[in-house]
Amino acid sequence: MQETLRITEIFFSLQGETRTSGLPTVFVRLTGCPLRCQYCDTAYAFSGGESMLLDRILERVASYKPRYVCVTGGEPLAQPNCVALLRQLCDRGYDVSLETSGALDISETDRRVSRVVDLKTPGSAEVGRNRYENIAQLTLNDQVKFVICSREDYDWSVSKLIEYRLDERVGEVLFSPSHGQVDARALAEWIVADNLPVRLQLQLHKLLWNDAPGH
């Protein structure tokens with residue numbers, strides 16, 4: 001029996017976040033997520049979707065002739081066959097990233113994948129779901145993201161940056177303002193004032209397309 005995954009959407013757009021921001025990328029959005037972050041902008045991916053054979057997914061991705069592929073959600077790792085999808089995308093020569101909440105085990109994912117692990121801040125309402133065991137699995141090919149909802153979230157994120165020496169462990173540490181909750185300029189000024197080894201991340205897709213599905 002062939003492997004299947006439940007897919008919300010597959011589309012071609014510009015990457016709006018992470019170290020490949022601005023680059024044309026195919027997004028494979030998997031359905032389902034066990035978390036309920038208060039700022040979630042992809043609640044439409046919590047349920048529904050279409051069951052697709054892995055081979056069919058790979059065909060759809062290839063039809064765009066991409067260099068970059070991002071597997072996202074929802075929470076992609078909530079579906080066990082996500083691991084096989086990531087491996088096969090890498091085998092086909094794509095530059096592959098995975099956007100994960102950090103609540104599930106990343107140890108089985110292909111190390112060729114750049115794993116973008118979200119450390120949930122107190123303001124997310126899901127800080128208790130952080131799986132800190134994942135940090136030991138991270139490499140310089142990976143990225144850690146903090147979505148910051150307040151000055152208190154910022155201070156908490158700085159403490160985790162220092163505690164786990166994240167700037168030495170991963171290739172990028174990303175601080176992103178929660179849309180409508182923290183002013184991006186204020187976050188930029190905090191980062192500069194503390195001379196942090198992090199990258200301020202603005203969500204390009206929100207600026208360009210107001211976060212419409214399919215972008």
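A residue counts as buried under 20% relative accessible area, as exposed over 50%, and as partly exposed in between (1.4 Å probe, protein chains only). The structure is a predicted model, in which local features need pLDDT of at least 70, side-chain atom pairs count only at pLDDT 80 or more, and totals for chains, interfaces and linings use all residues. Residues are numbered from 1 along each chain as its sequence is written, and side-chain values use heavy atoms, with hydrogens and water left out.

Lys 120 is buried, because its relative accessible area is 6%. Its place is the loop between E6 and E7. Strands (E, at least two residues) and helices (H or I, at least four) are DSSP runs, numbered from the N terminus. Lys 120 is 11 residues from Arg 131 in sequence. In space, the two C-alpha atoms are 9.7 Å apart.

Arg 131 takes part in a salt bridge with Asp 105, at 4.0 Å from N to O. The pair links distant parts of the chain, 26 residues apart. Arg 131 is in the loop between strand E6 (114–118) and strand E7 (143–148). Asp 105 is in the loop between strand E5 (95–100) and E6. A salt bridge requires a side-chain nitrogen of Lys or Arg within 4 Å of a carboxyl oxygen of Asp or Glu. Arg 131 has 31% relative accessibility and so counts as partly exposed. Asp 105 is also partly exposed, at 36%.

By this rule the model holds 13 salt bridges. In one of them, the side chains of Arg 112 and Asp 110 meet at 2.8 Å, N to O. Arg 112 is partly exposed, since its relative accessible area is 45%. Asp 110 has 16% relative accessibility and therefore counts as buried. Another bridge joins Glu 126 to Arg 129, with the closest N and O atoms 4.0 Å apart. Glu 126 is buried, with a relative accessible area of 12%. Arg 129 is partly exposed, at 34%. Salt bridges with shared partners also connect Asp 91, Asp 110 and Arg 112 in one network.

Helix packing was examined next. Two packed helices are described by the angle between their axes and the distance between the axes. Helix H1 (residues 54–63) packs with helix H2 (residues 82–91) at an angle of about 40°. Their axes are 11 Å apart. H1 is therefore oblique to H2. Axes are lines fitted to C-alpha atoms, for helices over the stretch in contact, and angles run from 0 to 180 degrees between N-to-C directions. Angles under 35 degrees count as roughly parallel, over 145 as roughly antiparallel, 65 to 115 as roughly perpendicular, and the rest as oblique. The crossing of H1 past H2 is right-handed, meaning that the near helix is turned clockwise from the far one by less than a right angle.

Leu 53 lies in strand E3 (residues 50–53). At 38% relative accessibility, Leu 53 is partly exposed. Leu 53 and Val 127 are 74 residues apart in sequence, and their C-alpha atoms are 34 Å apart in space.

A nonpolar surface patch is formed by Leu 200, Leu 202, Leu 207 and Leu 208. Together they have about 370 Å² of accessible area, computed by the Shrake-Rupley method with a 1.4 Å probe. Patch residues have over 30% relative accessible area and no salt bridge, and nonpolar side chains (Val, Leu, Ile, Met, Phe, Trp, Tyr) are joined within 5 Å. Leu 200 is in strand E9 (residues 199–200). Leu 200 counts as partly exposed because its relative accessibility is 32%.

Note on methods
Patches are made of residues with over 30% relative accessible area and no salt bridge: like charges are joined within 9 Å, nonpolar side chains (Val, Leu, Ile, Met, Phe, Trp, Tyr) within 5 Å.
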